[in-house]
Amino acid sequence: MRLDNKKNFKIQCNTLEARNIFGPLMFFILHTLLILGTYFLRMKKLILFSVIIGFVSISKAQYFHTGQDPASLRWRQTNTENFQIIYPHYYENQAQKLASIMEIVYKKGGQTLNFNPSKISIILHTQTVKSNGLVAWAPKRMEMYTIPHQDIYSQNWIEQLAIHEFRHVVQIDKIQSELPKIIKALLGEQGTALVFGALVPWWFIEGDAVISETALSNSGRGRFPSFLMEHKALAVEKGNYKYDKAYNGSYKNHVPDHYKLGYFLVGKSREKYGADIWKSVLERVGSKPFSLKPFSKSLKLQTGLNMDGIYTSVFGDLKNEWLIEDKKYTAPGFEIVSHQNKTYANYNYNHWLNDSIIISYKTALNSVPSFVRIDSYGNEKRIAVPGTIFDQSVGYHGEWIVWSEQVPNPRWQHGGKSLIRLLNTENKNRLTIKTEFTALSPAISPDKKSVVVVESDFLSNYYLSVYQIFTGKLLHRFQTKNNNYFFSPEWLNEKEAVAVVLFPEGKRLARVNFENNIFEIISEKEFGEIKNLKLEGNFLYFIGTYSAKNNLYRINLIDNSVSQVYESRFGIESPAFSPSGKNLVLSDYTSDGFRLIKTEIDKLNLADLNITEKRNYELADKLAKQEPGVIDFFVNDSAKFKSRKYSKITHLFNFHSWAPAAIDATTYEIEPGVSVLSQNKLGTAVLDVGYKWNITEKTGKFYGKYTYKGWYPVFDFEISSGKSASEYAEIKKDTVFKRFTWVNSNFSIDARIPLDLSRGRFNRFVQPQIKYEYTAYKHDSSTPAKFFAGNFQSLSYRIYYQQLIKRSMQDVYPDFGIVLDALCRNSPFGDTNLGSLVLGQSILYLPGMLSNHGIRLYAGVQDKTRESRFSFVDVIRYPRGWGKINTNQMVSVGSDYKFPVFYPEWSLGGLVYIQRINASVFADYANLTANIFKNGEIVGSFNTDITSLGLELTGNANFLRFYAPVEIGIRSSYLPKLKNVYFDFLFSIDFNSL
């Protein structure tokens, strides 16, 4: 709440909107200038504080919240020598096994970086539908999402997470061990997070971890052809991109992600210069964080090449290798089914509706994911836009499409469920099956009465389950004796299904009879990765990686003989056979994405697998030789660690960081002062306390902010107290301005319920909210007697709702969406009645005239009553270019037409990389009624219309090769009433991309 003490009002223009950009700009500008000054003047200690201020604003990792688990969970903990495992009470046995796994990984996971990290906490999220893991600092912890997905490689999911995430712990803690003591003393854990996040490129962070998971196992993404093929196809067909584009991405083209980029950069550098190269690089980054480009400088000392040079060298060599290999490839005969798209596009999960119509799931840079039907001429028609589909979780039978869709828990981010959706393409009927557990990879039975799915429960039990389609009733549930995980089930008949099964030695094909509960291995042969099972006659077709590429194979179910059916150039997926049995369609990867190709089954060139060469992964094998050996995950089940209750109450506070600055962990804003930060390990409680100094007023105040998210409502508490200052004019012989101060105390409590109601194609969010605010003014010795003393109290009631359709990568706005916001404030308590404020505002998104263009329409209405000279501040939007005044009534409307102009992909020496230029034409109008004051009293009112017209030009860019993208630009506003043009600077940074 802000109070208006002004006696006179006038409409004025905003010439610069810089309030929310101070922190990011401090990093991009101040840090660059100061490290240059440091480099030449060697005055690190003198400017250390300023550099820290610049750093503080840019690291998302320092205040990284992943969400909350359901409030009903009770927690336990197990402590080993190097880990604290925090887990739901029912997960005891699995947590004990994980504790042993982590201690095994600890012995080998950090050897090539020559570092053993300090003890760290691991929080297990067992009820989420996400499959992931992460390491964050400030507070220092690892988080694991225990339910596996359908695209994991040939290793137990928890073991995969253990190796990969532990490597991140080694990376960050090694930086921590090398940091100057003054950084740790001044900043705590956030100092490490800041240096690591700002100075170490993401391609190294993830590429090094991918190498660890590959070299310390017999699998890993370094032996996953679909992980490796994107750079290969790009290099062979189009050539390598420049480094800035390869790292920071593109709106125009598909760019392989930093996991893939990093695997090749880190791996090939290790191959050429030895495993110790990255140990030395991290040591220099940690010990010299304020030197000029310490990461690149250390690389140059080790190799003679900086980051650009390493990239050019590595991918130049790889391109030559891949071109030689590609010349040996002879393409089988095929016909291209899909048409040439304007942008990168993928067609996956294919099905023949009849002998001339194909259904496929299409994703593209310029359109939202959808099911499309493609006729024999390549013409496309959209069938449906589904919700978020799990990987490898689409199936078909006849006219039916079935998929597994991710649905978030309304309140708990570490919750959620899966729904099995069915769509009849002929009559558009839709069905939903609510499974008991997380269910993936559905397949419809031959009689179209049931569906088989891969299920995972909260205890990490894995099943093949069968549900009746029209009733949702569970018919069968099968689990192996060793609780093996399943992939890609396919029906053989109404009683039997075949599936890929994960064993310690790799993936195998197996048959399951649900009626007799019989489990049978079909083939013990090692095919590498296996997916996309498809039954055709007596043959089971599948995608396998026996020859180090995704190729098509088939096994004869009568004699179990295996043949290679189709060899791809870069990789294929999603085989589908026409109803007549004459044609086969495949998703064939190119540098422009997965296209659809068709071939006649009779023309397939079969090759007996017994005489087909099994190919290895050369780089992965070389990297493995640099490690201490493949990790043996044998766990003695009798070995137990002591466990005990983990109290949520006694662990509400976890002070991890501090700073010689007042840091707002929510807005990333900083001010002079000091601050101490706390965030508990379960992510339910955040505390920020400190003292901030107002440079303009030369006053300071103490503050505290506490947020608790452990219950269904979220509670925010905020308190502050300190002096404020101003001046008043004293007229004698001359006018003299005298400074005075007063004590300003504030308290607020806010209760809100953030609900994620996303379903299908729409992202939906609703939040009811109620807030109480108290503000008190108290005189001191210098305060004029006529200055207000007393308190203001207010209650606010708000409801916010948004429903936005999914956006493609190239969309500037959603093609359709609505935002509704209603707010009511009154002042039922306190010395002074502030009156009331009632408002409603909305935004409507509509598609533009061309693809990826967008329209945004804004409307707001506000009514305010005033019981004294004080009142609530305005909330609804003013026409751009105009300054704000305090009104009584106001109606505001505005429109924007925004579109991408072009995609320049300009790079300036590592300082800035501009991906896209956008333009927006806008028009705003407002009618407002306001009071006229004289000597603090209302003497009248006025009504006026204000308008503005203008143009915004913005660029999507990356500065200093920092991974989080920035939108930066300028706004030109013409104000007809003033007959003048004004300019605003625009800046925003997207930390959600990290």
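Visitor: Which residue in β22 is the bridge partner of V512?
Guide: F519 is the bridge partner of V512. This is a predicted model: local features need pLDDT of at least 70, side-chain atom pairs count only at pLDDT 80 or more, and totals for chains, interfaces and linings use all residues. Residues are numbered from 1 along each chain as its sequence is written, and side-chain values use heavy atoms, leaving out hydrogens and water.

Visitor: How many bridges join strand β21 to β22?
Guide: There are 5, and the two strands run antiparallel. Strands count as paired if DSSP finds at least two bridges between them. With 5 bridges, β21 (residues 506-513) and β22 therefore pair. A strand here is a DSSP run of E, at least two residues long; a helix is a run of H or I, at least four, and both are numbered from the N terminus.

Visitor: What makes β19 and β22 edge strands?
Guide: Their open sheet has 4 strands in the order β19-β20-β21-β22, with antiparallel pairing. β19 (486-491) and β22 (518-523) each pair on one side only.

Visitor: Why is one side of β11 and of β14 left without a neighbour in the sheet?
Guide: Their open sheet also has 4 strands, in the order β11-β12-β13-β14, and its pairing is antiparallel. β11 (388-397) and β14 (430-434) stand at the edges with a single partner strand each, so one side of each lacks a neighbour. Inside this sheet, β12 (residues 400-407) and β13 (residues 417-424) run antiparallel and are joined by 8 bridges. S404 stands opposite I420 in β13.

Visitor: What holds paired strands of a sheet together?
Guide: Backbone hydrogen bonds do, in parallel or antiparallel pairing.

Visitor: Why is T192 called buried?
Guide: Buried means under 20% relative accessible area, exposed means over 50%, and partly exposed lies in between (1.4 Å probe, protein chains only). T192 has 0%, so it counts as buried. T192 is found in helix α6. Contact means heavy atoms within 4.5 Å. Beyond four places in sequence, T192 is in contact with W137, I172, Q176 and L179.

Visitor: Why does E189 count as partly exposed?
Guide: E189 has 24% relative accessibility, so it falls in the middle class. E189 is also in helix α6 (residues 189-199). Leaving out residues up to four places away, E189 touches W137, A138, P139, K140, H656 and S657.

Visitor: Which backbone nitrogen does the side chain of E189 reach?
Guide: That of K140, at 2.9 Å. A polar contact is a pair of N or O atoms within 3.5 Å; within protein, one must be able to donate a hydrogen and the other to accept it, and residues adjacent in sequence count only if both atoms are side-chain atoms. At 2.9 Å, the E189 and K140 pair lies within 3.5 Å.

Visitor: At what angle do the axes of α8 and α10 cross?
Guide: α8 (residues 225-237) and α10 (residues 258-273) cross at roughly 80°, with axes coming within 10 Å. That makes α8 roughly perpendicular to α10. The class covers 65 to 115 degrees; under 35 is roughly parallel, over 145 roughly antiparallel, and the rest oblique. Axes are lines fitted to C-alpha atoms, for helices over the stretch in contact, and angles run from 0 to 180 degrees between N-to-C directions.

Visitor: What makes helix α11 mostly covered?
Guide: In α11 (residues 277-287), 8 of the 11 residues are buried. Among them are W278, L282 and V285. Their cover includes α4 (157-178), α6 and α10.
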